[in-house]
Amino acid sequence: MSVTEEPGKPRNLRERLNVLQDRIYDKLFHNYIWQSIFRSGYPNTPRNQMLVVATNVFLHLHPTRIHRTHVKITYTYCLGGLTFFMFIVLTITGVLLMFYYVPSVDRAYQDIAALETNVKFGLLMRNLHRWTAHAMVILVFLHMMRVFYTGAYKPPREFNWVVGVVLLVLTLVLSFTGYLLPWDQLALWAVTVGHGIGGSAPYLGDETQIIVFGGFEIGQPALIRFYTLHVIALPLLAAIMMAVHFWRIRRDGGMARPL
Amino acid sequence: MAVEAQRQASAAPARPRPKRSREEEVLVWPNLVFIEFISAVLFTITFTILSVFINAPLLNRANLNVTPNPSKAPWYFGNLQELLLHMDKAWGGVLLPTIFLGFLATIPFIDRSRHMQGVWFGTKYAARITVITVIYATVVIFALVSFDAGESTGTERLTRWIPACAESSEDVSWPCLRDEVGADHLGIVSTKDISKRLEFEVLGVKWPEDLDHIAWPFNDSIGDWDLGGIGLGSIHGWGGEHFNIPSIMAEQVIPLTLVIVVFPGMIIYTLFRLGWVRTRRDVLIVMFTGALTSFVALTLVASFFRGQGQDLIWPWKIKVDEG
């Protein structure tokens, strides 16, 4: 092409297609509605890429820049992030399961059985909820091991390690409270073992059984307690602790690396 | 004042963190955000496939009148259930786990050096002592579990040299083990035997019969104060009317000393003498690794080696009686 040539009508098919492509792109992404949601296009300059992380509500817990070594998979194996991701999946599938479940000893078991047979994708949701819950317990332990063996609890991150220990306990308790809800033999007797362990607490054995399990055997009071703890109280608490946990990572200077 | 002291304490190596240069940095978008996105997608796919093929268990409707045998806690509490078999319930189920969590929470306040943070196995021998501790703790846990199930594993043979007690219990100055009438002589079958079958006499005091009902002054009342039954009796051996020393030895002192003092102490001391454990960080590595390995080993025992009545058997012999 010569420089004198004016940009005008498209000459051949390829150019025509290019024009068409630009028009479609404009219609899709430069319209009033799209731009009301996403104020700018794909961030393709370093400045915009930092801005998008700093200003987007979902991304703003990240710093805008991190050290090169921290994106090496073999450093963290994404374990903490995956634990959080399991929590998100559990929240989504858990909400869906709540639509079909009534925490009553007369109905709970039938509800789960009906969920598996009568509800579209009900079985899949239950399976996902179960397996991701087990995965979350495993991942939280692996994450703790990673943090320990890399010495990432050292100053100034002492307190965040303590928050992590709290989150470990919350994860275990969340999983345990969920264990009772299907109200089958597996659930009942596993929780009965836990009930016995709680009852052996020195000084507070009976109190533990009455307050946490609602009595000296597992029944409706235990089910409604576990349900309420499982679907609202503990997830809320865990979410708050997670927010603290993630925020502290940034306040403490990002991930640990050698001084 | 307190803040000052704290600042001094945590500022031991008063080196400021060196500023990283721009060349060492990457942008979170796209370098990190994309990794997060891809791992989320991979895990979603993996778990969806898993959930299509493997169903979550759903047994019969819960029935308080039908007890499955064995009934087991969820696997991550199996370790606690296992501990209950070997020591007092309050210790195995509540106090020891609490101590473990307390230990976890205090780790960063014990090892406060900033040296080698963010490095995998940062001290010179960290990897080596980790591997050794994993092997050691696994062997110790399986050995202790086997010993405490002496009759089924045959470890009672190790103590069979202790003579059987004579039928009449007049002469027990030499330690002896009391067998059931007409039964073959067995060595120590479980730790509980120390309070139940072992008999001896020192300075005219007979074990266990003179020591298992010592009046305990704080039982539910001190002088005129009624403690209203706050339950000192909830720890086995301390409660009721009497203070049961043999039982306290067998179910609390001996198992706890072994798992908290003796076995951790032995490995830490050995590695220290070898020169492989040098700093607090090294000691913590041994303790953390040992505790976590024990936790896993106990979980494995509880999940795969406990059959009906919590008997120790091979995984392939476990039969669950649904009741």
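**Close-up 1. Leu177(B) and its partner in the predicted model.** In this predicted model, Leu177(B) stands opposite Leu198(B), a residue of S3(B). S2(B) and strand S3, which covers residues 198-202 of chain B, run antiparallel and are joined by two bridges.

**Close-up 2. The open sheet of chain B.** Three strands of chain B make up this open sheet, in the order S2-S3-S4, with antiparallel pairing. Strand S2 (176-177) and strand S4 (205-207) of chain B each have a single partner strand and stand at the edges, so one side of each has no neighbour in the sheet. In general, the strands of a sheet pair through backbone hydrogen bonds, and the pairing may be parallel or antiparallel.

**Close-up 3. The second largest pocket.** The volume of the second largest pocket is about 1,500 Å³. Its lining consists of 47 residues, of which Leu80(B), Leu96(B), Pro97(B), Thr98(B) and Phe100(B) are the closest to the centre. Helix H4 (residues 89-110) of chain B supplies nine residues, the largest share of the lining of this pocket. Sorted by class, the lining has 37 nonpolar residues, ten polar residues and no charged residues.

**Close-up 4. A nonpolar patch on the surface.** The patch is formed by Tyr42(A) together with Phe34(B), Phe37(B), Ile38(B), Val41(B), Leu42(B), Ile45(B), Ile49(B), Leu50(B), Val52(B), Phe53(B) and Ile54(B). Together, these residues have about 1,200 Å² of accessible area. One of them, Ile38(B), is located in helix H2 (residues 28-53) of chain B.

Key. Residues numbered from 1 in each chain as written. Chains lettered and ligands numbered in written order. Predicted model: local features only at pLDDT ≥ 70, side-chain atom pairs only at ≥ 80, totals over all residues. Heavy atoms only, no water. 1 Å grid on protein atoms, 1.4 Å probe; cavity = no way out; pocket = protein on both sides within 12 Å on 5 of 7 lines; lining within 4 Å. Points joined across faces, edges and corners; volume = space filled by probe spheres on them. Helix = DSSP H or I, 4+ residues; strand = E, 2+ residues; numbered from the N terminus. Nonpolar A, V, L, I, M, F, W, Y, C, P; charged D, E, K, R; others polar. Patch = residues over 30% accessible without salt bridge, like charges linked within 9 Å, V, L, I, M, F, W, Y side chains within 5 Å. Areas by Shrake-Rupley, 256 points an atom, 1.4 Å probe, with all protein chains shown as cover. Salt bridge = Lys/Arg side-chain N within 4 Å of Asp/Glu carboxyl O. Pairing = 2+ DSSP bridges.
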